[in-house]
Amino acid sequence: MEYRDETIENEDFYQMYLDDLSEIVPCAEAEREILLSKVIQGDESSKKRLIEGHLKTVCDMASDYMESLVPAGDLIQEANMALMLAVDSYVEGDFLSHLRKYVYDALEAVVAEQKREDETNEEITAKVNVLQEVSRVMAKELGREATVEELAEKMKMTPEEIRDIMKMTLDAISAIGGEIE
């Protein structure tokens, strides 16, 4: 099976989405002002058109984050959700500024969350690797497998933390259907 570069897949998804959006007429300023006044009065069809007419705008905003580790689909989804929230929360003033704030805040949040997740995964991987190495060394020294308590003492962790790492290792092995080396 051939694997494609994630950047290419992101670009492909983004381009497919843009192609779909090309069939939707963006909101011009005059139309936007009319729609906004109707949205404030609670008109749902105007709300729908306002959202639809700004999908390309928020897609362009999401494209500013294509170099992040967040997949294009997730970026576009977050931008679209922020668009809906911006329309729902609009009361008065410059709609485009209001929209940009919502969208960029949402995109920054999803990028930050991905970064935290990646850092956590790296930290967990490092702990798993250290535990495996300590287990090997202790098994050789003791002539048997070390107990959870012995491993915890050696690694200056609690037995519960060791069990959690072991569980993550077993979950990873189950997920990939083999051994971690």
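## Helix 2 and helix 3

In this predicted model, helix 2 (residues 29-40) and helix 3 pack at an angle of about 140°, their axes lying 8 Å apart. Axes are lines fitted to C-alpha atoms over the stretch in contact, and angles run from 0 to 180 degrees between N-to-C directions. Helix 2 is therefore oblique to helix 3; angles under 35 degrees count as roughly parallel, over 145 as roughly antiparallel, 65 to 115 as roughly perpendicular and the rest as oblique. Helices are DSSP runs (H or I, at least four residues), numbered from the N terminus.

From helix 2, Glu-31, Arg-32, Leu-35, Leu-36, Lys-38 and Val-39 meet Ser-46, Lys-47, Arg-49 and Leu-50 of helix 3. Contact means heavy atoms within 4.5 Å.

## Ser-46

Ser-46 belongs to helix 3 (residues 44-52). Ser-46 has a relative accessible area of 4%, so it is buried (under 20% relative accessible area, 1.4 Å probe, protein chains only). Beyond its neighbours within four places in sequence, Ser-46 is in contact with Leu-35, Lys-38 and Val-39.

## Helix 6 and helix 7

Helix 6 (residues 95-142) packs with helix 7 (residues 148-155) at an angle of about 115°, with 10 Å between their axes. The two helices are therefore roughly perpendicular to each other. Helix 6 contributes Lys-127, Val-130, Leu-131, Val-134, Ser-135, Met-138 and Leu-142 to the contact, and helix 7 contributes Glu-150, Leu-151, Lys-154 and Met-155.

## Basis

Residues are numbered from 1 along each chain as its sequence is written, and side-chain values use heavy atoms, without hydrogens and water. Local features need pLDDT of at least 70, side-chain atom pairs count only at pLDDT 80 or more, and totals for chains, interfaces and linings use all residues.

Methods: Buried means under 20% relative accessible area, exposed over 50%, partly exposed in between (1.4 Å probe, protein chains only).
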